[in-house]
Amino acid sequence: MRLKGAVVVITGASSGIGEAAALAFARRRANLVLGARRVDALNAVAQKCRDKGAPEVTVRRLDVSQRVEARAFVAAALRDHERIDVLVNNAGLGWMGRMHEMPEDKIDELIATNVKGVIATTQAAMPSMVQRRRGVIINVASVLGFRAAPYSAVYSATKHAVVGFSHALRGELSGTGVKVCVVYPASTETGFFAETEAPIGPQYPAWWVANAMAEPVFGGLLDHALGEARRMKSPHVGASPPPADERA
Ligand SMILES: NC(=O)c1ccc[n+]([C@@H]2O[C@H](COP(=O)([O-])OP(=O)(O)OC[C@H]3O[C@@H](n4cnc5c(N)ncnc54)[C@H](OP(=O)(O)O)[C@@H]3O)[C@@H](O)[C@H]2O)c1
């Protein structure tokens, strides 16, 4: 996809990987819509993006764990730009410790932010992407999304959910022109570990993860094949099934 002039919407853009992604897309002259809860930090990121070459940068306060806010954030981007070319579902948080000591409100917060937030923004963005037959959804999972880590049971579960959601959606959307990518960062140098235990092993710079998003390699042959198989068996689930007289 040509990123110059594209409309790129990023959740959790106030720091870390989301900030680095905003800067990576800004360097490629994309227009940006940035969301997170800390508006001061978002404004600082927005200014850096303008300095790097983003023609238009909009900042909106967003708590993605609130479904209404998540949907309104996407709706506002569509109202302002009439389209979304790239949606980056990056907002997320972790928690590390013994499972039986994890507070219930933390469990709820991780699931609401890392899983339900991704679902809500995706659902809100999908119809216009499918209608235009164009768009990319990039979901930031984690290496813990395919290999769970001890003392991070709920976080690992949320990232497995993001991976499963993304693969299923990729197959569902294959042939519609809408692509779904999953990013699996390993330990990355961000504010992520500020309130938790330090990671084991090396930490990668956030820009390194961000560049993988701005220059993605699309895979997904298996998801496409599974989507085609399902559509053949159940033509009514397809985005635009062929007329009945052409299906025989
Ligand atoms: N760092 C790592 O080692 C690592 C590894 C694998 C995957 N990841 C994933 O990468 C993503 C970004 O994390 P990071 O490492 O860049 O950490 P970070 O620096 O702490 O950034 C997290 C971002 O998410 C936002 N956020 C958190 N809760 C939110 C909410 N309810 N609504 C809206 N925004 C929210 C934060 O903004 P506000 O606080 O301003 O809302 C912040 O911008 C997360 O999904 C994380 O799971 C990180």
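The legends below accompany close-up views of a predicted model.

Because the model is predicted, local features are given only where pLDDT is at least 70 and side-chain atom pairs count only at pLDDT 80 or more, while totals for chains, interfaces and linings use all residues. Residues are numbered from 1 along each chain as its sequence is written.

**View 1. The shell around the ligand.** Of the 30 residues around the ligand, those that come nearest are Gly12, Gly16, Arg37, Arg38 and Gly92, where a residue is near a molecule or strand if its C-beta atom, placed from the backbone, lies within 6 Å of it. Helix H1 (residues 16-27) supplies the largest share of this shell, with 3 residues; helices (H or I, at least four residues) and strands (E, at least two) are DSSP runs, numbered from the N terminus. Divided by class, the shell holds 11 nonpolar, 16 polar and 3 charged residues, with Ala, Val, Leu, Ile, Met, Phe, Trp, Tyr, Cys and Pro counted as nonpolar, Asp, Glu, Lys and Arg as charged, and the others, Gly among them, as polar.

**View 2. The packing of H1 with H6.** H1 and helix H6 (residues 206-214) pack with their axes 8 Å apart and at an angle of about 50°, the axes being lines fitted to C-alpha atoms, for helices over the stretch in contact, and the angles running from 0 to 180 degrees between N-to-C directions. That angle makes H1 oblique to H6, since angles under 35 degrees count as roughly parallel, over 145 as roughly antiparallel, 65 to 115 as roughly perpendicular and the rest as oblique. The contact is made by Gly16, Ile17, Ala20, Ala21, Leu23, Ala24 and Phe25 of H1 together with Ala206, Trp207, Val209, Ala210, Asn211, Met213 and Ala214 of H6; two residues are in contact if their C-beta atoms, placed from the backbone, lie within 7 Å. By class, this contact of H1 with H6 has 12 nonpolar and 2 polar residues, and no charged ones.

**View 3. The packing of H4 with H5.** The axes of helix H4 (residues 104-132) and helix H5 (residues 153-173) cross at roughly 10° and come within 10 Å, which makes H4 roughly parallel to H5. On the H4 side the contact is made by Ile107, Leu110, Ile111, Asn114, Val115, Val118 and Ile119, and on the H5 side by Val154, Tyr155, Thr158, Lys159, Ala161, Val162 and Phe165. The residues of this contact divide into 11 nonpolar, 2 polar and 1 charged.

**View 4. The packing of H3 with H4.** Helix H3 (residues 67-81) and H4 have axes that come within 9 Å and cross at roughly 30°. The contact is made by Arg67, Ala70, Arg71, Phe73, Val74, Ala75 and Leu78 of H3 and by Lys116, Gly117, Ala120, Thr121, Ala124, Ala125 and Ser128 of H4. By class, the contact of H3 with H4 has 8 nonpolar, 3 polar and 3 charged residues.

View 5. Met129, which is found in H4, is buried because 23 other C-beta atoms lie within 10 Å; a residue is buried if 20 or more other C-beta atoms lie within 10 Å of its own, exposed if 12 or fewer, and partly exposed in between, with C-beta atoms placed from the backbone. Not counting residues up to four places away in sequence, Met129 touches Ile84, Arg134, Gly135 and Val178. The C-alpha atoms of Met129 and Asp85 are separated by 7.6 Å, although these residues are 44 residues apart along the chain.

**View 6. Two arginines with a positive phi.** Most residues other than glycine have a negative phi. Arg29, in the loop between H1 and strand E2 (31-36), has a positive phi of about 65° although it is not a glycine, and is partly exposed, with 15 other C-beta atoms within 10 Å. Arg133, in the loop between H4 and strand E5 (135-140), likewise has a positive phi, of about 55°, and is exposed, with 12 other C-beta atoms within 10 Å.

**View 7. The surroundings of Tyr151.** Tyr151 is found in the loop between E5 and H5 and is partly exposed, with 14 other C-beta atoms within 10 Å. Not counting residues up to four places away in sequence, Tyr151 touches Met96, Gly97 and Arg98. Tyr151 and Met99 are 52 residues apart along the chain, and their C-alpha atoms are separated by 6.6 Å.
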